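Subject: Structure for you to look at

Hello,

Here is the structure I promised to pass on. Please open it first, then read my notes below.

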Amino acid sequence: MKVSIDALVSSAKSGAVVSFPTDTVPALAVLPEKSHLIFETKQRSQDKPLILMGATAEELWPFCLGSQQELQIWREVADRYWPGALTLVLPASDKVPITVNPLDPTTIGIRVPNSSIARQILAQTGPLATTSANLSGQPPLETMAEIEAQFPRVQILIWNDELKNQPGVPSTVAKWMDNGWQILRQGEIKLW
């Protein structure tokens, strides 16, 4: 169902799964404590984690657990590449619900999208558990019509052509290891 931004924010805050455009592909999103709903909606295996998307890095740091030195390194990377198509996989704090990453609840992926409409939504809802809008194993959907057809019960933000995602370029996914960053998926952003 296509809805306005106010209706979408209200639905998200009440715990419903919603969809909106980002700087990569349209997202399915839900409150972190309701993340099991995305796994059900997408028919997604529990071994594929969700990420937390936030309007700002400051909203996401409480979900991460690291030393002062690690936090400084992570902040430097975030300051350089966010908002943008970079997902950082970091040690998770106890604030992260286990349902966001059931296979490995010790880590959490976080990102601030380079999409003003996504950040506007996230500023009102707080960080949301997100993933691409598609059934698990299928290509990401790119239009409101495709998302509405596949997920008729999901609240979908009405967007215009200016907000259409650029297809085919996923976010870079970098995981923090004891000896530095490990690239799990190379996207548009190159860390080095």
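Predicted model: local features only at pLDDT ≥ 70, side-chain atom pairs only at ≥ 80, totals over all residues.

Start with helix α1, residues 5-13, and helix α5, residues 116-125. They pack at an angle of about 45 degrees. Their axes lie 9 Å apart. The crossing of α1 past α5 is right-handed.

On the α1 side, the contact uses Ile5, Leu8, Val9, Ala12 and Lys13. On the α5 side, look for Ile117, Gln120, Ile121, Gln124 and Thr125. By type, the residues of this contact are 6 nonpolar, 3 polar and 1 charged.

**The cores**

The largest nonpolar core has 43 residues. Those touching the most other members are Trp61, Trp82, Leu86, Leu88, Leu90, Ile110 and Trp181. Several elements give two or more residues to this core, among them β3 (27-30), α2 (36-42), β5 (86-91) and β9 (172-177). Helix α4 gives the most, with 5 residues.

Trp181 deserves a click. Leaving out residues up to four places away in sequence, Trp181 touches Ile73, Trp74, Val77, Leu88, Leu90, Ala174, Lys175, Trp176, Leu191 and Trp192.

There is also a second, separate core, of 19 residues. Its members include Ala12, Ala29, Ile121 and Leu122.

Best wishes

Key: Residues numbered from 1 in each chain as written. Heavy atoms only, no water. Axes fitted to C-alpha atoms, helices over the stretch in contact; angles between N-to-C directions. Helix = DSSP H or I, 4+ residues; strand = E, 2+ residues; numbered from the N terminus. Left-handed = near helix turned anticlockwise from the far one by under 90°. Contact = heavy atoms within 4.5 Å. Nonpolar A, V, L, I, M, F, W, Y, C, P; charged D, E, K, R; others polar. Core = buried A, V, L, I, M, F, W, Y, C linked by side-chain atoms within 4.5 Å. Buried < 20%, exposed > 50% of the residue type's maximum accessible area, 1.4 Å probe, protein only.
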